[in-house]
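These are my notebook entries on a structure I looked through residue by residue. The sequence and the coordinates are shown first, and the entries follow.

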Amino acid sequence: MTRQEVFDGLKEVISVIRPNTDLANVSFDTPLITGLGIDSLSMMLLSLAVEEKFKMRFPDNATAPATVGEVCDAVLAAL
């Protein structure tokens with residue numbers, strides 16, 4: 001799976017978690033908190049939805065990603 005494929009799948013997840021997000025403005029550099037308005041509850045929902053979509057698990061000791069690109073990289077590392 002490529003980083004772009006993970007990014008496209010992540011945008012699908014974001015559209016469910018944050019339905020009013022303009023996905024045309026989302027890039028690898030988009031900050032989760034200030035760019036997408038992800039709070040702690042949304043981060044938990046995003047993590048669970050990403051794990052389900054990509055059939056993977058984030059490590060328990062992983063630091064929280066700050067950008068969309070960091071989420072993509074974490075998914076690729078866990079696959």
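**Entry 1. Terms and basis.** I call a residue buried when its relative accessible area is under 20%, exposed when it is over 50%, and partly exposed in between (1.4 Å probe, protein chains only). I worked from a predicted model, in which local features need pLDDT of at least 70 and side-chain atom pairs count only at pLDDT 80 or more, while totals for chains, interfaces and linings use all residues. Residues are numbered from 1 along each chain as its sequence is written, and side-chain values use heavy atoms, with hydrogens and water left out.

**Entry 2. Glutamate 51.** I located glutamate 51 in helix α3, residues 40-54; helices here are DSSP runs (H or I, at least four residues), numbered from the N terminus.

I then looked up its polar contacts, that is, pairs of N or O atoms within 3.5 Å; within protein, one atom must be able to donate a hydrogen and the other to accept it, and residues adjacent in sequence count only if both atoms are side-chain atoms. The side chain of glutamate 51 makes such a contact with the side chain of arginine 57 at 2.8 Å. The glutamate 51 side chain also reaches the backbone nitrogen of phenylalanine 58, at 2.8 Å. With contact taken as heavy atoms within 4.5 Å, and leaving out residues up to four places away in sequence, I found glutamate 51 touching Met56, Arg57 and Phe58.

**Entry 3. Salt bridges.** How many salt bridges does the structure hold? I found three, a salt bridge being a side-chain nitrogen of Lys or Arg within 4 Å of a carboxyl oxygen of Asp or Glu.

- Arginine 57 pairs with glutamate 51, with the closest N and O atoms 2.8 Å apart. Arginine 57 is exposed, at 62% relative accessible area, whereas glutamate 51 is buried.
- Aspartate 73 and arginine 3 meet through their side chains at 2.8 Å, N to O. This pair links distant parts of the chain, helix α4 and helix α1, 70 residues apart. Aspartate 73 is partly exposed at 37%, and arginine 3 is partly exposed at 32%.
- Glutamate 12 pairs with lysine 53, with the closest N and O atoms 2.9 Å apart. Glutamate 12 lies in helix α1 and lysine 53 in helix α3, so the pair ties together parts 41 residues apart in sequence. Glutamate 12 is partly exposed at 46%, as is lysine 53 at 37%.

**Entry 4. Nonpolar core.** I took a nonpolar core to be a set of buried Ala, Val, Leu, Ile, Met, Phe, Trp, Tyr and Cys residues joined through side-chain atoms within 4.5 Å. The largest one has 19 residues, and those touching the most other members are Leu10, Leu32, Leu36, Leu46, Val50, Val68 and Val75. Two or more residues each come from α1 (3-17), α2 (32-36), α3 and α4 (68-78). Helix α1 gives the largest share, five residues. Leaving out residues up to four places away in sequence, I found valine 75 touching Val6, Val50, Phe54, Met56 and Phe58.

**Entry 5. Proline 31.** Where is proline 31 placed? I found proline 31 in the loop between α1 and α2, partly exposed at 31% relative accessible area. Beyond four places in sequence, proline 31 touches Leu36, Ala66 and Thr67. Proline 31 and valine 16 are 15 residues apart in sequence and 18 Å apart in space, C-alpha to C-alpha.
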